Amino acid sequence: MTDLNSLEKFNQHYKTFAKRDYEKSLNDFFTTQVQFRLPKDPVVLELGPGSKSVFEDSDLNHKLITAVDFSPEAIDLNRGHSSINYQLRDITKNHAIEENTYDLIFDSHCLHCIERVEDRAMSFKNIYHGLKSDGLFCAEMMVQPLGSVINLPHKYIANSRNLEQELISYGFTIKYFMIVRELVFESGNGVCDLLRVICKK
Ligand SMILES: C[S@@+](CC[C@H](N)C(=O)[O-])C[C@H]1O[C@@H](n2cnc3c(N)ncnc32)[C@H](O)[C@@H]1O
């Protein structure tokens with residue numbers, strides 16, 4: 001799903017390919033690096049679940065999980081499949097996330113689809129304020145590979161060093177920052193590195 005970004009394109013995608021699924025690396029990241037850091041019964045927000053929340057296959061309390069996506073087609077695909085609270089929301093809008101609410105905000109490959117600098121800034125601001133004190137923001141995203149530059153249509157592919165500074169500038173404390181070279185995003189234009197980052201409010 002590397003060439004999508006606009007709401008129209010995501011809607012078209014979810015209308016056409018109705019199979020419910022998510023990228024398996026997200027489940028691997030959550031189970032190996034994130035879950036053990038959470039308090040008991042965490043209140044969770046997932047960003048960009050698409051056709052299926054990664055948490056449907058977790059043993060977290062589904063009633064405490066909200067999954068937000070700006071595609072109505074994606075939200076429709078999820079209705080009635082679990083007690084996860086799927087909601088239509090655009091995270092780039094002011095106050096899109098309730099303040100001081102979540103133990104975990106988990107980016108399911110949504111943020112690297114947000115290209116405009118102002119939209120990214122608002123999203124990070126929303127995420128920071130949405131976390132409880134000591135809450136965790138965890139993201140898996142495409143970053144530029146070492147030694148070359150890749151441009152993908154409709155994607156914001158950060159330089160990992162710049163991303164580190166960006167996160168610090170929003171107030172986050174970085175706890176884990178790992179480029180996973182055996183997990184890559186491929187496209188016709190080349191291969192991106194995959195970054196996994198865990199930040200504390
Ligand atoms: C690359 S897809 C990932 C979907 C799914 N997590 C997976 O693993 O296949 C990114 C998702 O983020 C959603 N998205 C993109 N921009 C968004 C925004 N501004 N607010 C909320 N959701 C957004 C898209 O509709 C899409 O479902």
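This dialogue walks through selected features of a predicted model.

Biologist: What should I know about numbering and cut-offs before I start?

Modeller: Residues are numbered from 1 along each chain as its sequence is written. In this predicted model, local features need pLDDT of at least 70 and side-chain atom pairs count only at pLDDT 80 or more, while totals for chains, interfaces and linings use all residues; side-chain values use heavy atoms, with hydrogens and water left out.

Biologist: Which residues of the largest nonpolar core touch the most other members?

Modeller: In soluble globular proteins, nonpolar side chains tend to be buried together. A nonpolar core here is a set of buried Ala, Val, Leu, Ile, Met, Phe, Trp, Tyr and Cys residues joined through side-chain atoms within 4.5 Å. Buried means under 20% relative accessible area, exposed over 50%, and partly exposed in between (1.4 Å probe, protein chains only). The largest core has 26 residues, and Leu47, Ile105, Phe137 and Phe172 touch the most other members. Elements that each supply at least two residues include β1 (44–47), β4 (102–107), α4 (117–130) and β5 (131–143). β5 gives the most, with five residues. Helices (H or I, at least four residues) and strands (E, at least two) are DSSP runs, numbered from the N terminus.

Biologist: What is Phe137 in contact with, beyond its sequence neighbours?

Modeller: Contact means heavy atoms within 4.5 Å. Leaving aside neighbours within four places in sequence, the partners of Phe137 include Ile105, Phe124, Leu167, Phe172 and Val197. Asp107 is also one of its contacts. A second, separate core has 21 residues, among them Val54, Leu60, Tyr86 and Leu136.

Biologist: Is Thr66 buried or exposed?

Modeller: Thr66 sits in strand β2 (residues 65–69). Its relative accessibility is 10%, so Thr66 counts as buried. Not counting residues up to four places away in sequence, Thr66 touches Val44, Leu45, Glu46, Asn85, Gln87, Arg89 and Tyr102.

Biologist: Which residues come nearest to the ligand?

Modeller: A residue is near a molecule if one of its heavy atoms lies within 4 Å of it. Of the 21 residues around the ligand, Tyr14, Glu23, Gly48, Asp69 and Asp90 come nearest. The shell divides into 11 nonpolar, six polar and four charged residues. Ala, Val, Leu, Ile, Met, Phe, Trp, Tyr, Cys and Pro count as nonpolar, Asp, Glu, Lys and Arg as charged, and the others, Gly among them, as polar.

Biologist: Which N or O atoms lie across from the ligand, and at what distances?

Modeller: A backbone N or O atom of Gly48 lies 2.8 Å from a ligand nitrogen. In the side chain of Asp69, an N or O atom is 2.6 Å from a ligand oxygen. A polar backbone atom of Phe70 is 3.2 Å from a nitrogen atom of the ligand. The protein covers 95% of the 590 Å² of accessible area that the ligand has on its own (Shrake-Rupley method, 1.4 Å probe).

Biologist: Which residues have a positive phi although they are not glycine?

Modeller: Most residues other than glycine have a negative phi. Asp41 has a positive phi of about 50 degrees, and His95 one of about 60 degrees. Asp41 is in the loop between α2 (24–34) and β1. His95 lies in the loop between β3 (85–88) and β4. With a relative accessible area of 44%, Asp41 is partly exposed. His95 is exposed, at 59%.

How values were computed:
Polar contact = N/O pair within 3.5 Å; in protein donor to acceptor, adjacent residues only side chain to side chain.
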